[in-house]
Amino acid sequence: MYVLRRLPSLIATLLAVSILTFLMTSLLPGDPALQILGAENATPEAIAAVRSELSLDDPLPVRYLHWIGDALTGDFGRSYRTNEPVSQAIIERLPVTAEIGLLAIVIALAIAIPVGMLSAYRAGTRTDKVISSTSFGLLAVPNFMVAILLILVFAVWLGVLPATGWVNFTDNPVQNLRSALLPALSLAIAEMAVYTRLLRTDMIATLQQDFVTMARVKGVSNRRILFRHALRPSSFSLLTVAGVQVGAIIGGSVVIETLFAVPGVGRLLLEAVLVRDLLMVQGVALVIAVSYVVVNFTVDILYSYLDPRISHGRSSARV
Amino acid sequence: MRGHPRLTKGPWRRTLASIGLAGLLLGTAACGGGDDSGGDSSAPEVGSDDISEQGDPVEGGSITVGLEAETNSWLPGTGSFSNPGTTVAYALYDPLMKQTADGEVRPYLAESMEPNEDFTTWTLTLRPDVQFHDGTPLNGDALKSNFDDHLKAPGSNVANSLADVASLDVVDDLTVEYKLSAPNAAFPSVLTDSPGWPFSPTAAAAAGEDAGANPVGTGPFRFVSWQRDSNLVLEKNENYWQEGLPYLDGITFRPIPDEDTRLASLQSGDIDVMQTLRQGTVARAREADGVDNYEYLGNNSGGSIINTTVPPFDDLRVRQALAYAIDQPALIDVIGGTGLTPEATQYFSPDSPFYSEEAAEAFPTFDTERAQEFYDDYVNDPQRSDGQPVGTDLSFTYNCPPDPSLNELSQLYQSYWSALGMQVELNTVEQAAHIQNGIAKDYEVQCWRVGEEGDPYNTLKDAFTPGPLNFTGYSSPAIDEGLETLRTTADLEARKAAVADISMDISENVPNLFTGYTLTDVAVRDAVKNVDGWEFPDGTAGDGVPGATTMWGFVWVTD
């Protein structure tokens, strides 16, 4: 089965990611022991005591094996800084980032699909040109600018959405959605532009194919041609890129969660890096990497749903 | 104190402020413009913002407060209480000691604090019938447990503050003795910070590893819930030891790290109060409608430290060249502080009782000719300390953490020093490594903040006697002598003179450079009142909002 065949490379990827994450964080300048004690208490003896308590003086391979061994059993250790279990911190924060990220993708697709199709259908017209230049414009605006503008308009001027903050879904679903909307929108804007451009290009190619002409000849309505016949074969690049762009969304969440003061994994990661909270950084980076790999793995599987001709089990063809 | 204290012109404004005239006075000065008390009329006016009418206290209501950052733990000994953490602590805990408007340290939660003759034993008496939020009585045993099990425990982050305290001994139920290993007249000042915030020993023991996430103090508000990086919810302590306080029913603290979005949250009404230590944000908060700004010019100052242990910076002429070459008002302008903060010349701001006019005049100010003289003199000295051939220009690296405004500052420094002939390389060093470089003295010249509130002995001892916090590596007999006086006498005039001597020595030997004092601000929706009006139980006026920290028990809201 396809999933099983891909499993070894999946595991190799994750192993490489875990080693790289570990090495990068361990080799960063800046002693975690100093961060824990604070500069004023950092006598050589106190530093030595903390370093030995955290096993920071062991050789790197020993530390890695110790960490990954525990991590495989779900024990990522406790944060140097806050003393909370790393796994608990991630479990509390992952849903926040996932909700905002998913909402961003849904918003981006909901707008990009009709707009991209319209652009392709009207290729070369003024509508198409306006859409194209707008998407390029949006692509060029960094997400933190978008975020500040959105806050200014929707929170400060109109007062319809909160500027910052987070309400848990379990506390109040409506307020939860309101607090997620602006962060998601900030992330969605650039994605939307990418999706629109991709869908337009693929759809123009699809619309020139024989089966579309055939459908037209048979008198099928434009709407039906676009949505029922052309959309599915035009969405390969879109799906691939949507998978890859999950990385961009996770990266963007570091900035967006800080701006909107939202308690997600991006902000957790940023603050952990700044204070050399090594176990927290390693745990979060590993979880992010796993999610990324899993998402793209899922995208691979979705291909066969989009185009049943692709059968991963038999053919060696890769899309 | 109302309408208050960004008093940069001298003690007379402080006096007026304390009887409620500052708002009126500053308003008049701003309109008239012809106030002749300020000396040089071309200097940018450093003034303060008006504050709305306060009215009578109102019971009830809740507020949300936007903080600069989250705090790692709420337990003294493990919590890193910087400005945002300290302001939260003033809701959860009560400080045993606190500073008055006149800069004196007095008992707050404690009833009394008395030294023996040579300041080696301090006897602290507690008030009767004070309880922690969990009902545990506040007594000598509680203080001892805090001290032995947390504050002096291995890895405690207040170890340095309590280094001279050999033991805490219980005398009777409400009395303890702090036994010091050496005389320290400034010891009570240590108990204004986290070593002096009693917490319930029973609750801390029960919570174990998670004690930092379940704070139980004696403060005006008690802990309800905490979601890290999102919100900390507190409710009124119905059993508070101060009759009639607190006024509010509850407070929610929310860390909002970004300056722009924190201010936007205040303007959109998502939060009622915010704190900031950034000069640019203070300027914008002053312009916001319906916002009162409670500002405080603290002793903390931006600037640079010079590593006096390595050549060529071990030579005074080089340090003087560096200092005379820079135009401090231009540097202040780069960080957005023009009109907010005066030039800094010493470890104490003009608002501090320890400010010295003489030291201020002695500190080098912008004079390129003198800078060039000092520089040329060193460079052409056959005996120059760096061993380079005569005439060789100096070349060194200036380190600073990655931050847009610090980046601009570095470039300005670079241009001033290059003008003398120095070759200055700018190097960006991430914060954690930057601090480590300072401790290891593994740098030449770098960005650094100096000065803090609290007793001058503690600040100056750390900065100028051998130890990890002497980042510049500078010390001198004059400073040692001044510190000895500070350590052994409680007489305010004698202590002021000692600090002035130390400040003078620093001005003459320039181990560091300044870029203005830091003006801090608690910006509030104008329905939030009495933000800086806290008092001691005997009615003595408190020190307001130092470093944008607030005594929340005294705050009320009118809607």
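This is a predicted model: local features need pLDDT of at least 70, side-chain atom pairs count only at pLDDT 80 or more; totals for chains, interfaces and linings use all residues.

Let me begin with chain A. How many helices and strands are there in chain A? There are 13 helices and 0 strands. Read along the sequence, the pattern of chain A is accordingly one α after another. The C-alpha trace of chain A spans about 85 × 60 × 35 Å along its principal axes. Chain A has 319 residues, and 38% of them are buried. Let us also consider the contacts in chain A with a separation of 6 or more: 70% of these are between residues 24 or more positions apart.

I turn now to one pair of helices in this chain. Two packed helices are described by the angle between their axes and the distance between the axes. For helix H8 of chain A, residues 173–207, and helix H10 of chain A, residues 222–234, the angle is about 120 degrees and the axes are 9 Å apart.

Which residues meet here? From H8(A) come Leu199(A), Asp202(A), Met203(A), Thr206(A) and Leu207(A), and these meet Ala230(A), Pro233(A) and Ser234(A) in H10(A). By class, the residues of this contact are 5 nonpolar, 2 polar and 1 charged.

Next, the contact between the chains. Here 39 residues of chain A are in contact with 37 residues of chain B. On the side of chain A, at least two residues each are supplied by helix H2 (32–37), helix H3 (44–53), helix H7 (143–157), helix H11 (236–259) and helix H12 (265–274). Which helix gives the largest share? That is H7(A), with 5 residues. The side of chain A that touches chain B has 22 nonpolar, 11 polar and 6 charged residues.

Finally, I come to chain B. An open sheet of 10 strands in this chain has mixed pairing, and its order is S8-S9-S10-S1-S11-S16-S12-S15-S13-S14. At the edges are strand S8 (221–227) and strand S14 (423–428) of chain B, each of which pairs on one side only. Neighbouring strands of the sheet are turned by 20 degrees against each other on average, direction ignored.

Is S1(B) mostly covered or mostly uncovered? S1(B) is mostly covered, with 5 of its 6 residues buried. With strand S10 of chain B, residues 250–255, S1(B) pairs in the parallel sense over 6 bridges, and Leu67(B) has Pro255(B) as its bridge partner in S10(B). With strand S11 of chain B, residues 273–276, S1(B) also pairs in the parallel sense, over 2 bridges. There, Val65(B) stands opposite Val273(B).

Helix H7 of chain B, residues 279–287, lies across S11(B), strand S12 (291–306) and strand S16 (512–525), and runs at about 35 degrees to S16(B). Thank you for your attention.

Key. Residues are numbered from 1 along each chain as its sequence is written. Chains are lettered from A and ligands numbered from 1 in the order in which they are written. Two strands pair if DSSP finds at least two bridges between them. Helices (H or I, at least four residues) and strands (E, at least two) are DSSP runs, numbered from the N terminus. Axes are lines fitted to C-alpha atoms, for helices over the stretch in contact, and angles run from 0 to 180 degrees between N-to-C directions. Two residues are in contact if their C-beta atoms, placed from the backbone, lie within 7 Å. A residue is buried if 20 or more other C-beta atoms lie within 10 Å of its own, exposed if 12 or fewer, and partly exposed in between; C-beta atoms are placed from the backbone. Ala, Val, Leu, Ile, Met, Phe, Trp, Tyr, Cys and Pro count as nonpolar, Asp, Glu, Lys and Arg as charged, and the others, Gly among them, as polar.
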